[in-house]
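Work through the exercises below with the sequence and the model in view. Try each task before reading its solution.

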Amino acid sequence: MTIQEEVKKRKTFAIISHPDAGKTTMTEKLLLYGNLIRSAGTVKGKKSGKFATSDWMEIEKQRGISVTSSVMNFQYEGFHINILDTPGHEDFSEDTYRTLTAVDSVVMIIDSTKGIEAQTIKLFKVCRMRGIPIFTFMNKLDREGKEPLALLEELEEVLEIDTYPMNWPAGMGKGFLGIFDRDNKQFVQHHPGAEETYIPYQELENHPELTENGTYQDALNELELVEEAGNTYSEEAILNGELTPVFFGSALSPFGVQTFFNSFIRLAPSPAPRKSTKGAVDPQEADFSGFIFKIQANMNPAHRDRIAFLRVCSGKFTRGMSVQLARTGKELKLAQSQQMVASSRETIEEAYAGDIIGIYDPNAYQIGDTLLTGKEKYEFDELPQFPPEIFKKVMAKNALKSKQFRKGIEQLVQEGAIQLFRDKLTDSFILGAVGELQYQVFTYRMENEYNAEVIMEPIGERIPRWLKPEQADASLFDSGNLLVRDRHDQPLVLFRNEFALNWFKDKNPDIELIDLFETN
Ligand code: G4P
């Protein structure tokens, strides 16, 4: 097969959702289609004692070490599917955000009984910022939830994205009859406890059990309304991330999952060209290229190894190949390459654009690094930095270990595990992270890898705003609105809250406050 054919087969995506919306259940159903697991029903494993494949990271967490995003891949209808797991729960970290830089599309699962929840908004914003196509699955239709029209309205209002319902539900909960599948012009009939059946629109007249049902009639009326007043279908708008196709269903039943996945596979983009210092890099280029979006240390505590997650962007990867690390110009041989399939690691021999591979990191890589073969030298665009929300002061527990302490912080910051700021006045170390988990991982790694125990003092949630260096007047700030500098020595203020920020703006209209993070 040619590189071009291989690339066209790739569909690389992540599933995002608020905890408990049904990400694990959905992942498991998709793996089932790919024959990757034999039976569903091990979700969460509360009952069976087993864990769903995608829940491996939870086990990692219980072992007291960091979590990992695993990648699941399987063949489906001639396509090569790569699903990147993004941790849900409180395991929120910059890793989660960065994982989204390595996918070509996203499936957003929403619990239709709850509507849009906090974590979904955060993750959505990152996808939106990058223009990633977003496919929405309104889950748990087997329960009484919010009205479909209200859910669409919520999506449009809260997330500010146009919606296009790909199907329309007739009823919900106990009275759920099925969905009008607009894409395939068929009614997917729900039979509690049994498999769904498909009735082409033109044959519906032979199904009085549906057509004479009031719920069916109501749904038909709503569908007409949606067809008249709703957004126009546009694949271009979907691919630009401006319009989200919405699918209603139930991951648990499962209902509407297969029709959703078939439409998704057809519409979701294959790997696209990626921006770099030489311009866009075409995934079909013969020369290999890729970038590192995550580094995972201590995957195996016995070996203390570090694995770098690489997204292939062009050409063909073959195990044992030599590549150049663009940042340093150093040649490296990629002898140990692995596919990160949940808890097992399989050696991978070849990979193409869209694939994610784990490579052994001899302490050479940093987040965002570009690996290349070929004559041309270039680097992929820097990965976006994400706004830290939780800040803590950090000190070495044992003053005699300050050398180890500094080395640990320096390396972990370089690796992208956490962000570092220094207090302008006292020079003390202040860490910034998007999730609590990053602090747990930081503390653990400082102790285990650098032999430096740390003490941390929370300073709470803060709003960072950068200043022009000439306007960084220390007398304007105090410990509430803390003046610090980032690792590039640029001054910024960590405002206590929105109120403090606005108050400062009113008092000091001449001082320019810069929001470096595009997601805000
Ligand atoms: P998450 O990974 O997004 O956190 O969610 P997960 O799939 O674990 O689902 C959270 C809960 O919601 C689970 O119930 C799961 O069974 C349930 N669920 C998922 N999809 C559906 C659906 O389509 N309909 C209904 N009614 N429930 C759904 P749990 O009580 O936490 O676990 P369990 O005891 O049922 O295994």
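Predicted model: local features only at pLDDT ≥ 70, side-chain atom pairs only at ≥ 80, totals over all residues.

Residues are numbered from 1 along each chain as its sequence is written.

**Exercise 1. The whole chain**

Task: State how many helices and strands the protein chain has, and what percentage of its residues is buried.

Solution. Helices (H or I, at least four residues) and strands (E, at least two) are DSSP runs, numbered from the N terminus. The protein chain has 13 helices and 28 strands. A residue is buried if 20 or more other C-beta atoms lie within 10 Å of its own, exposed if 12 or fewer, and partly exposed in between, with C-beta atoms placed from the backbone. Of the 520 residues in the chain, 44% are buried.

**Exercise 2. The largest nonpolar core**

Task: Find which residues touch the most other members of the largest nonpolar core.

Solution. A nonpolar core is a set of buried Ala, Val, Leu, Ile, Met, Phe, Trp, Tyr and Cys residues joined through C-beta atoms within 7 Å. The largest one has 117 residues, and those touching the most other members are Val 106, Val 107, Met 108, Ile 292 and Leu 310. Strand β13 (residues 306-314) gives the largest share of this core, 6 residues.

**Exercise 3. Helix α5**

Task: List the buried residues of α5 and say where they sit around its axis.

Solution. Start with the length: α5 (residues 118-129) has 12 residues. Its buried residues are Thr 120, Leu 123, Phe 124, Val 126 and Cys 127. They lie on the same side of α5 because they cover an arc of only 160° around the axis (the arc of the directions from the helix axis to the C-beta atoms). The face turned away from this buried side carries the exposed residues Ala 118 and Ile 121. Among the elements covering the buried residues are β1 (10-17) and β4 (105-111). After α5 comes Gly 131, with a positive phi near 65°.

**Exercise 4. Strands β7, β8 and β9**

Task: Work out how β8 pairs with β7 and with β9.

Solution. Two strands pair if DSSP finds at least two bridges between them. First, β7 (residues 167-170) and β8 (residues 178-181) run antiparallel and are joined by 4 bridges; Asn 167 has Asp 181 as its bridge partner in β8. Next, β8 pairs with β9 (residues 186-189) over 4 bridges, in the antiparallel sense, and Gly 178 is opposite Gln 189 in β9. Last, β8 and β9 form a hairpin with 4 residues between them, and Lys 185 in the turn has a positive phi of about 50°.

How values were computed: Expected span 1.5 Å × (residues − 1). Contact = placed C-beta atoms within 7 Å.
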